[in-house]
Amino acid sequence: MTNAELVELFAEALEIEASAIQPEKEIAEYKEWNSLAWLTIMALLDERYNIQLSAADFRSFVTVQDVIDNITSKASAA
Amino acid sequence: MYNPLDLSGKLVLVTGASSGIGRATAVVLSRLGARLVLAGRRADALQETLAATENPANHLCSTFDLANLDDIPKWIAEVVNLAGAPLDGTVHCAGVTSFLPLRVVSSGNIDSIMVPNLHAALMLLRGVSARNAVPAAGASVVFISSAAALMASPGLSTYSASKAALGAVARCAAKELAAKRVRVNCIAPGYVKTPMLDQAANAFVDFDRIEKAQFLGFIDPDEIGTMAAYLLSSAARSITGSQFVMDGGFTL
């Protein structure tokens with residue numbers, strides 16, 4: 001999967017435009033990035049890529065790029 | 001010694017016996033003297049459950065995927081044939097949980113929850129209430145529902161619906177199957193210490209909030225098994241179409 005596809009996925013989950021998602025920004029800067037958005041991201045990751053995020057993963061995320069890196073490394077490990 | 005939960009001589013089918021509530025229920029029922037048919041998708045996991053039961057030589061394992069809905073009645077007939085006796089009880093513990101926010105529901109992922117949780121329950125009722133499957137003295141069916149059926153949890157509308165529906169099924173089936181003396185009841189647990197809870201731990205669930213709300217603490221799965229035993233026993237012969245909430249206080 002590409003970074004652009006992941007950004008699209010996040011945008012879909014947050015219900016905002018993909019252009020509004022900047023990888024260098026902190027997740028905390030997005031008011032839409034709440035627990036429901038996370039649940040949506042997890043449902044989409046599971047459904048589309050068979051990828052799961054753990055509690056330890058969540059604790060490690062600060063920026064959007066952190067999430068992208070985590071997911072892409074899981075995808076290439078699979 | 002007087003034991004109102006004595007299940008000696010009763011043949012009971014437990015679905016979802018591979019793990020969690022199903023496994024714990026099977027162990028409890030075996031300790032109370034029931035003869036079991038342990039059902040699940042994974043033969044190796046069923047063997048582990050069997051090894052944990054009392055009198056393992058007394059029980060049978062049957063590998064079956066409840067997603068094969070239309071095959072369920074035939075499978076039940078085969079189970080009765082294999083066991084050489086009709087089923088005195090059934091505990092349907094098989095089920096899945098999944099957060100499915102409304103913004104991503106699809107027919108596929110709705111079915112992935114509804115099929116094992118609700119559709120299979122209906123097909124099981126058809127199978128276990130068939131003429132040759134029910135003893136003359138009647139039978140008891142127990143569905144494992146969920147306290148989610150009574151709550152308002154964002155992201156859990158499909159799962160909660162599947163479990164709430166079991167309450168409606170139990171009420172209707174209790175009347176429909178009364179002539180055959182088949183009782184149908186639900187247990188609605190809160191958060192139970194099982195692999196399914198570990199799965200939820202990965203799904204951004206706020207455990208501090210849960211521990212505060214479920215003020216009697218996380219539930220041991222054998223507590224659910226003991227309630228199932230009660231509902232299967234003759235001590236519960238006047239109970240049908242009911243729902244028993246075991247939620248550690250969560251829904252209060």
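Leaving aside neighbours within four places in sequence, B:Leu29 is in contact with B:Leu7, B:Val12, B:Val14, B:Ala34, B:Leu36, B:Gly225 and B:Ala229; contact means that the C-beta atoms, placed from the backbone, lie within 7 Å. The model is predicted: local features need pLDDT of at least 70, side-chain atom pairs count only at pLDDT 80 or more, and totals for chains, interfaces and linings use all residues. Residues are numbered from 1 along each chain as its sequence is written, while chains are lettered from A and ligands numbered from 1 in the order in which they are written.

Helices (H or I, at least four residues) and strands (E, at least two) are DSSP runs, numbered from the N terminus. In chain B, strand β1 (residues 11-15) pairs with strand β2 (residues 35-40) in the parallel sense over four bridges; pairing requires at least two DSSP bridges. Within this pair, B:Leu11 stands opposite B:Arg35. Strand β2(B) also pairs in the parallel sense with strand β3(B) (residues 60-63), over four bridges, and there B:Gly40 has B:Thr63 as its bridge partner.

Five of the six residues in β2(B) are buried. A residue is buried if 20 or more other C-beta atoms lie within 10 Å of its own, exposed if 12 or fewer, and partly exposed in between, with C-beta atoms placed from the backbone.

B:Ser145 lies in the loop between β5 (139-144) and α5 (157-176) of chain B. This serine counts as buried because 29 C-beta neighbours lie inside 10 Å. Although B:Ser145 and B:His92 are 53 residues apart in sequence, their C-alpha atoms are 9.2 Å apart in space.

Note on methods: Contact = placed C-beta atoms within 7 Å.
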